[in-house]
Amino acid sequence: MKTILRVARLSKSFGGISALQDIDMEAREGQIVGIIGPNGAGKTTLFNCLSSLYHPSAGQIFFGDRPIAPEFSSKKKKLVAACALVFLFLSLLWTPIFWSLFVPGALFKVETVMLGLLLLGVRFFTFRGLRRFEIWAWGLIFLFLAADICLALFLGGRPLSQDRFLGTSLPLGWVGTPWALAALPFSLFFGLQLCTAPARRLFGFKIGPDAVTRLGMARTFQNIRLFFHLSVLDNVKIGAHCTMRSGIWRSLFRTRRQRAEEEGAEQEALNLLRFVGLEQRALVLADALAYGEQRRLEIARALASRPRLLLLDEPAAGMNPQESADLIRLIRRIREKGVTVLIIEHDMKVMMNLADIIYVLDYGRMIAQGTPEQIRTDPKVIEAYLGGGVHAPA
Amino acid sequence: MKKGYLGFFVSLFLLAGTAWGDAIKIPVASPFTGQLASFGEGVKNGALLKGSEINASGGIRGRKVKIVLEDELCDPKEAATVATKLANDPAVSIVVGHLCSSATLAALPIYRAAKLPAISPASTNVSIGKMSPFYFRNVYKDDFQGLFLAKYAHFVKGYKKVAIFYEVNDYSMGLMLAFMKEAKKLGIKILGTEAYTADTTDFKPQLTKFKMMKPDAIFIPGYAPQGTLIVSQAVSLGIRNAGFFGADGLDDDLMLKNPDAEGLFVTTPFLPDKAGPRAAGFIRAYRKAYGKDPNWFAANSYDAVGLAAAAITAVGQDRVKIRDYLASINTREKAYEGVAGKTYFDKNGDCLKDAFVKEIRGGKWVSAQKQLRQ
Amino acid sequence: MSRRTRPALPPGLIMPLIFLLALLLPWIPLGPSSNYVLRVLTTAVLYMILALGLNIVPGFTGLLDLGYVGFYGIGAYTSGLLAIHYDLSFWWILPLAALNGALWGILLGAPTLRLTGDYFAIVTFGFSELVVLVIRNELWLTRGPMGLPGISPPSLLGHTLTKDWEFFYLVLFLLAVVLFVVTRLEDSRLGRAWFAIRGDEIAAQCCGINLIRYKVTAFAISASIGAMGGAFYAKWFKFIHPDMFKFWESILILCLIVFGGMGSIRGTMLGALVLIPLTEILRAVLPQELFSARYLIYGLTLVLMMRWRPAGLIPFERAQEALARRAEARIRSRRGGEQGP
Amino acid sequence: MGPLHELLDQSSLFLQQLVNGITLGGVYALIAVGYTMVYGVIQLINFAHGEIYMLGAFLAYTMVTVLHLPFFVAFILTILLCSCFGILLDFIAYRPLRQAPRLAALITAIGMSIFLQNLALMIWGSQIKSFPRELLPAVFSRPALVLGEITVSWLQIFILTITVLFMAILHFIIHRTQVGTAMRAISHDKVTSALMGIGVNRVISFTFAVGSAMGGMAGILVGLYYNAIFPTMGYIAGIKAFAAAVLGGIGNVPGAMLGGGVLGIAEVLGAGYISSEYRDGISYAVMIAVILFKPSGLIGKPTGDKV
Amino acid sequence: MLRLEGVHAYYGRIHALKGVSLEVREGHICCLIGANGAGKSTTLMTISGITPIASGTVTYQGQPIHRVSPEEIVRRGIVQVPEGRRIFPNLTVQENLMLGAYLQRDKAEKLSALERSFSMFPILRERRRQPGGTLSGGEQQMLAIARALMGTPRLLLLDEPSLGLAPLIVERIMGIIRQIRDERGATILLVEQNAQAALDLSDYGYVIETGEVVQEDSARRLLEDPRVREAYLG
């Protein structure tokens, strides 16, 4: 069996309080993996890290062989910081010089100094963004280049005196234009370089939750997050978003391809709804569903993205025993479809007869892992879970 | 009032055009509310006065005249709606309006399409004239006024260095450009130009700059509400030995409340004491009706209504004929004798008129001792 | 579907029928003021277009956009400048204006759409003010406060449009185009993604929807519809002025969609159809001093609607139910087809 | 003119602009406090705050001119009325929407702002009003300090003193008193605050009252300083003050002070040195830049949204 | 002392309480156990007056309190320690505590209450100037309890005090709860998932499942009940 998910030394802290510490775990294809632990043990935080809603403070997450949360070695961090710093200094020096090339004496003008100071502030934050591996910071650099060019165009032919009605100014800077044009390919090249794959690999940008879903990891939420104002069918079709391709133009002209795709998605959504037992309710709005139905709809929506790994966050919460039993059967059937399932549950009973392997979290740490049998008898688990001194029935 | 239409949409639309019975309608479109309402008030008073005078002397061809006030807030959009309303009313054969140039420009295409002649008593923007053969005005253009002011500043006041503080609007900028053009010719040095927008109240940064330039005078080609603030803020900043002057936009009693504005002078198309004998009766009647002196808006709108009435009297209510009649008043000899001087039109429908200068002395508008004749 | 009430007419027929009625409108004899009525109706339809465009951002994706009038202005000035300097035909200008609107929509949207709701609203507001400032101050380009007079009227097959009914038909045609675009998008992958974003951004992300991309798309489409409205406006008024694109316009359009129902296409149109002629009625009914304060009523509308009927006259849910009904019909017909042969 | 002379001129120009900027900044700060406090407590951009500022100016004007009250009585009464008005505003417009989505509250705020602005337009008309000088304390119109070309008026000193004084008082209220602690608690967690027995609505009303009082006071001061009162004055000033609040870090009183100062100086220097046409644009641009690049402001703390 | 009868309440769209009835006697520690999402926290929130109830009654010392504002409920002596501690992280420990005595107008009284809580939780005295957010989980829980005690409650509602805490600390917290009952004479309603710990401590227990009370008995008997053991004790 191939490993589908691997988490290594994952830590996450919020403002000094660590919610997760050094979590190591893995899931293999076709398994049902359980994560248990008392409330507040950090289970949902772990899920949020997996689905990239949170970015871990340290550690790595691999989905298949793709890194979801790449770790930045200190060496790489230093490299990026150095690059950013060099760029910043260059652009700081460069802007006034660049301007003064076509605005006579710009280097010594109050305007240049003030604008320079303003840009200094902006660039400082860019620098910070760069160090934090935020992709927008690179976008900003792009923007700076564009701004310099625009300013060149804008200020180019104008005398910088207040008196623009007497001066003979041209609408476009005929002096600035060649410079701007010369700078354009350079900045384009530089910007494009950053968007290409090698650059991404070097700097290791974070990827968003949507990208994670497209890679094949879907999830449900502990407190149900459906699109309550939309119909049940549309909820599932939204789940199938990343399996579809048609964009604006195809939608506008209802091409045959788009219609076929829509039809297919609709059919598949109906099948999924039948799978979770909601076929009859397909056309009502989601907020008209009962609680248990909403949970099942969430699962259907997650399945619609054809995931390889499904994350279920306390799917049995708030269900009565009958409903939880149905749910367990449903999860088994999902596994039979070849989907790996990762479940958070604090209810041991559900997990014991469902999971192939169980990880136990407590207080942000992984305290045990193993088959349900091993877990049931692990003294550390019993202590954490049931409070000291009591032994669970074997 | 129009309360009677408080019924149905359709009946309202149907009736809106036709409910004034037999009287000849002369609509007057201007801002009667809003920021520029004080200008509109002069227009309103002048027009109503003329209307009642016509009626008192037996109306036009025996029919009464009804002055209909249309408020357009000096907003181009409103002006266009009002213009449509008027253009589609068959009872309307000529319009008096609009006051603001931007409103005029918005209404123009509509009047032109409806072949409805219009006379503006106050739109001074240069570009209006060429836009439509159906448009006339009995007020001078900005370029004339700016030129006149430059001459006055040079020959009468002897200013050498002038700073200009203009508002970002068509009126103000047109004036400024005309002034600067002439100033260059006359050798007045323009120290600098600064701008402000209508909703600004803090003029100190720009004024501080002027202060350091030490101008002989500051030219404020704007409107009175801002003008008075500019003057008092300038004085509070310590600009004491510079004069202030403006154009007809500053010609408002609002300026009089400001003790710092002493000595400020403006151009105006109409001066009660310099106007001819025809004006004396008008001024008397105006004082009687409204308890104050007429300003130039009142005089011009009084004349514009008079022109409209004269046209209707001459050729009846056909729009095209009225237009042709107005266009035929094209020499000084054929000119319409109004209270604000003779009015005759060039081929663009613009007119050539004298400008006068008045200044604030002792908290009152008085005509300047030296006037400049064209 | 408990709340469902079946309309007397098949739902697909209502819109064409209304259009047909509208087409007949100019020929109803309304006496001398019929042109005035037509002009008011043209304004109402123009605002329908604008409201449909704005609706895409706050209605479909749930972000408050206060800068819509900026795109409207950009469209109007694009149209005016192209008409004056290059003497292009309206049918070239229209797509170019839309394109320019979309371009600025993307430029503004890409960096700002990651902001949370309030900040986004403020930034878009700032943008629209900046647009007006630029229009007002860049004399070399826009003639600034002198306005842009002398825009040639549009023409069709060599015939220049001048009559009011011709403009009415033109704006109806534009409305039909916009309506086509909006309804098609509403019931597509794109529309669902927008609705998902409106419903719950985090869940939407976890469904594989790239927030920024779809928000920017929505913003660009909204902007280009606004710009189209502006292009028509310039050609219709033949004169444009920076004062026409003040913040108030944004509020007015927002008011239309809040009143009609954010996110519901029919509600949006209804809002425009009710509130725009209302302005004209107010002009006739109110004394002049009160008329100048008519925005008081719009402000009050916003407050009261939020308080008592936040979903508007035709709520978003109703629109979604209509979509579900359409899906139902689709599924049923498909089933019928399967069983047939 | 020698170069030395020119240098002197240039530097006194700069200093005078600085003085202008700081005064303007003080005014912005006073208005910004209202935004900052309300936003800090209930995370609502109270668009109508600018209108309270406008009302403050109009009320004082009416009291002085129509009711012929002495200026300082009018000053105090206006502040009181404004704070009552703030409470009323909260009660009528915002309280019913406390549980509603933020979009609804924001739209209500915009609606309220437009409503109030037009109400003022209806009551007082759109023309610019100004305080009659003879009814004001004479000291306001005298320059306090003339240093060469630099003039500082008593009014400027008065405005700055009041700004600094009230900022200090507010800082004290928020950090040293029980109701201030309650405000900070509510801003973080309304439910838990209620569980502590804090009357949440009452504290929010108090916040509105204090913020509105500041806004009203700013209105009077501005009315005096520029001598211009008109219905739309709250609109631009409100937006700029909001920009100042964001710049300093919204929800943070010293931040409002700092932001107001920085924005005021930036605006005045911008108008003085770069382009007076784009003066408002400078504030908008600063605001947009801050929101984009550092939404938490200069000295605010970043707050993450919880998933 | 406190009695809920047929209480229905909605949590957002969810019908969270479907006719809950329970009773807390003076001087008892009473516990409410159940799974996540069963409606335990909602029950406490309805008692505190935060969640409005759709139907049913809540009476406290013979008076109905379900239409009373949360503030008034606190004034009458019902104080809740909410789930997840919910201390104010940006306020210092001392400010947090002082907020607990918000309704107490008497300054001296407040200070003595502060002194009492410091003597009960010496660790808090050491950290009085620190922002609440910098405390560890256990300390935060103590702070939350101490804060509630500042209001000198007669009925203390505790929502999952053991949440996310290490077993040793849970034991300490449970000890403190008992101490509160014994020394302060407060009645306590405890909501717990950790059924073992809760039942060990309590006099009487209720089991709640999907918004309904399914079982009630004295704590000892519940502990021995096979169904409870099966469902909640693993």
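This is a predicted model: local features need pLDDT of at least 70, side-chain atom pairs count only at pLDDT 80 or more; totals for chains, interfaces and linings use all residues.
The elements of chain C that give two or more residues to the side touching chain A are helices H6 (139-142), H7 (164-186), H8 (189-199), H9 (201-206), H10 (211-237) and H15 (316-339). Of these, H15(C) gives the most, with eleven residues, and the residues on this side of chain C divide by class into 22 nonpolar, seven polar and 13 charged.

Four salt bridges are found across the interface of chain C and chain A. One salt bridge joins A:Glu266 to C:Arg330, whose closest N and O atoms are 2.6 Å apart, and another pairs A:Glu262 with C:Arg192 at a closest N to O distance of 3.1 Å. The latter pair crosses between chains, running from A:Glu262 in helix H10 (residues 256-276) of chain A to C:Arg192 in helix H8 of chain C. Over all chains, the salt bridges counted by the rule come to 59.

## Extent of the interface between chains C and A

Contact between these two chains involves 42 residues of chain C and 45 residues of chain A. Together the two chains bury about 4000 Å², with 61% of that area on carbon and sulfur atoms.

## The interface between chains C and D

Chain C also meets chain D, with 38 residues of chain C in contact with 39 residues of chain D. The area buried between chain C and chain D is about 3500 Å², and carbon and sulfur atoms give 80% of it. On the chain C side, the residues that lose the most area to chain D are C:Asp118, C:Tyr119 and C:Ile122, which together account for 19% of what that side buries.

Between chain C and chain D the count is one salt bridge, and this kind of pairing is formed by D:Arg102 with C:Asp118, the closest N and O atoms being 2.7 Å apart. Helices H4 (90-112), H5 (117-137), H11 (247-260) and H14 (295-308) of chain C each supply at least two residues of the side that touches chain D, and H5(C) gives the most, with 13 residues. By class, this side of chain C has 27 nonpolar, seven polar and four charged residues.

## Packing of helices H2 and H8 within chain C

Helix H8 of chain C, which is among the elements on the side that touches chain A, also packs against another helix of its own chain: the axes of helix H2 (residues 34-61) of chain C and H8(C) come within 7 Å and cross at roughly 55 degrees. H2(C) and H8(C) are therefore oblique to each other.

In this contact, C:Ile56, C:Pro58, C:Gly59, C:Phe60 and C:Thr61 of H2(C) meet C:Trp194, C:Phe195, C:Ile197 and C:Arg198 of H8(C). The residues of the contact divide into six nonpolar, two polar and one charged.

## Backbone features in chains A and B

Most residues other than glycine have a negative phi, and most peptide bonds are trans. In chain A, A:Arg9 has a phi near 45 degrees, which is a positive value in a residue other than glycine, and A:Arg9 lies in strand E1 (residues 3-14) of that chain.

In chain B, the peptide bond from B:Gly97 to B:His98 is cis, with omega near 0 degrees. B:His98 itself is in the loop between strand E3 (95-97) and helix H4 (101-113) of chain B.

How values were computed: Residues are numbered from 1 along each chain as its sequence is written. Chains are lettered from A and ligands numbered from 1 in the order in which they are written. Side-chain values use heavy atoms; hydrogens and water are left out. Contact means heavy atoms within 4.5 Å. Buried area is the accessible area (1.4 Å probe) that two parts lose on being put together, summed over both. A salt bridge is a side-chain nitrogen of Lys or Arg within 4 Å of a carboxyl oxygen of Asp or Glu. Helices (H or I, at least four residues) and strands (E, at least two) are DSSP runs, numbered from the N terminus. Ala, Val, Leu, Ile, Met, Phe, Trp, Tyr, Cys and Pro count as nonpolar, Asp, Glu, Lys and Arg as charged, and the others, Gly among them, as polar. Axes are lines fitted to C-alpha atoms, for helices over the stretch in contact, and angles run from 0 to 180 degrees between N-to-C directions. Angles under 35 degrees count as roughly parallel, over 145 as roughly antiparallel, 65 to 115 as roughly perpendicular and the rest as oblique.
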